[in-house]
Amino acid sequence: MIVDVRDVEYEIASRVILSGLDLTVRRGRITAIMGPSGTGKTTLLKLITAEAAPTRGRVLVFGQDLATLDRAQVFAMRKRLGVLFQNGALLTDMDVFENVAFPLREHTDLSEPLIRALVVAKLNAVGLRGAAELMPAELSGGMARRVALARAIVMDPEILIYDEPFVGLDPISRGVILRLVRQMNDGLGITSIVVSHDVHDLAQIADDSYLLSGGRVVAQGTPQELAASESAVVRQFMQGIADGPVPFHYPAPDLRTQLESVDER
Amino acid sequence: MSAVRVTGQLALFLLGLLAQCGPALARPRLVVQQIYNAGARSLIIVMLSGFFVGMVLGLQGFDLLQRFGSEDALGVAAALSLLKELGPVVTALLFAGRAGTSLTSEIGLMRATDQLNAMQIMAVDPLRYVVAPRFLGGVIAMPLLAAMFNVVGLFGAQLVGVQLMGVDRGAFWSQMQGSVELNDVWEGVVKSCVFGVACSLIAVHSGYTAEPTAEGVGLATTRTVVASSVLTLFLDYMLTAAFL
């Protein structure tokens, strides 16, 4: 196991986001983390990258309990993983080449020709070798995400985390990202954690899946096992049913009471 | 209590920032770029303002001194006003409005678009890479801008006083040379350095702690101008009292 989340609880501003969460990510596999909006998927990613600390429980990455690491050790751990943010998070004052070269310049003493070779190779892997001199503002959403992926893999990380990689993309771009996720995993042996609620896309690439709801894991297994589940909450999510265990209506007082109070006003 | 908490946060932020200034200086290219952004790009507004302030000094100074038959002291009056007060203070206020808001909105937008988070995930400290060079750029640029303000202001004062109002050119410059001491110059330099630290710190802190929304960045830029202006005027009083 390369990532091990044990009985984690996370609370912020008196709101419990995660409760009793247990989850493992196996080395070399693509693990999908799915769930309705607001169920704590992004929070879980922040716990894994040590951007946040759990209120209770343990998060182990590369066998190390993140709570026991000091700042330098956290930074050393982060050099072994890459994150693809939902909007790419490219540095807007640098062109594509410099964005991808950024981690190499900050963490290595490689010569300029070697940096150039590495950056060109990574851009080639995502199909954007010809876009090296473009600025982030000139890129489409899909291209920006691919550049961000090239940047995330330039240090050859052991874990790649994808935060909602398919959001806002057209079908062709989604196909490209799907292909790249699989290629990174198979070709480079990178362990992948994909957070998404795109059930159909994830079913094509995920080896293991976890479904989060109410801040805990409600189902786990292969995408096919989840699709065949009899659980009401799993079926509601997998089939996109509007109302069910995750209610359509946000908690509100009785309709009659609310209408009467409007009249009185 | 919230004012005490904010002051404490600012102090801790400053300590963390100062610790990163050394490593930031090891990357001079970044600092030079920020000196250009904060300093060179503020030159036009500082020089224009200095020119007009100098001209007003010439007019008002002449009018006032003429009542006592001391028009020849216009040079001294203009120089001391600019060096000790107007140069550092007005430059700091202009800096807060132009460069300070630019720093705040730039860093705030970087936070709103996850760029700072991305750096942390890439094991790059945003304080070292983004904030410290911008802070150093402001601190280095401020005294230089104040000096430019003073030079252009003196030119404006002599343009009005000597060319327009007829004050004797020799008296204008010789009285200035005889009465303005090095301490007066140092007072202005120290003030502009202190204002540079204060305004730059407020600008980068506001951006760094801004809520990652459009409204949050807007509020942060407003906070930068207001806080920098008030703090500048407060520090001006304290430093003036200390020098006297």
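A residue counts as buried if 20 or more other C-beta atoms lie within 10 Å of its own, as exposed if 12 or fewer do, and as partly exposed in between, with C-beta atoms placed from the backbone. Keep that in mind for the tour.

Before you click, note that this is a predicted model, in which local features need pLDDT of at least 70, side-chain atom pairs count only at pLDDT 80 or more, and totals for chains, interfaces and linings use all residues. Residues are numbered from 1 along each chain as its sequence is written, while chains are lettered from A and ligands numbered from 1 in the order in which they are written.

**Stop 1: chain A as a whole**

Select chain A. Its secondary structure comes to 10 helices and 10 strands; helices (H or I, at least four residues) and strands (E, at least two) are DSSP runs, numbered from the N terminus. The C-alpha atoms fill a box of roughly 70 × 40 × 40 Å along the principal axes. Of the 265 residues in chain A, 38% are buried.

**Stop 2: helix 1 of chain A**

Now pick residues 41-48 of chain A. Which residues of helix 1 are buried? They are A:Lys41, A:Thr43, A:Leu44, A:Leu45, A:Leu47 and A:Ile48. Because 6 of its 8 residues are buried, helix 1 of chain A is largely enclosed by the rest of the structure. Then step on to A:Ala50, which follows this helix and has a positive phi, near 65 degrees.

**Stop 3: the sheet**

Next, show the strands of chain A. An open sheet of 6 strands runs in the order 6-7-8-3-9-10, with mixed pairing; two strands pair if DSSP finds at least two bridges between them. Strand 6 (81-84) and strand 10 (216-221) of chain A stand at the edges with a single partner strand each, so one side of each has no neighbour in the sheet. From one strand to the next, the twist averages 15 degrees; angles run from 0 to 180 degrees between N-to-C directions, and axes are lines fitted to C-alpha atoms, for helices over the stretch in contact.

Zoom in on strand 6 and strand 7 (residues 159-163) of chain A, which run parallel and are joined by 4 bridges. Here A:Gly82 stands opposite A:Leu160 in strand 7 of chain A.

Bring helix 1 of chain A back into view: it packs on the sheet, touching strand 3 (30-34), strand 7, strand 8 (191-195) and strand 9 (208-213) of chain A. Its direction makes about 155 degrees with that of strand 7 of chain A.

**Stop 4: where the chains meet**

Show both chains. The contact takes 13 residues from chain A and 10 residues from chain B, with two residues in contact if their C-beta atoms, placed from the backbone, lie within 7 Å. On the side of chain A that touches chain B, helix 2 (71-78) and helix 3 (96-107) of chain A are the elements that give two or more residues. Helix 3 of chain A supplies the largest share, 3 residues.

**Stop 5: chain B**

Finally, select chain B, which has 9 helices and 0 strands. Of its 244 residues, 47% are buried. Highlight helix 3 (residues 43-66) and helix 6 (residues 126-164) of chain B: they pack at an angle of about 40 degrees, with their axes 6 Å apart.
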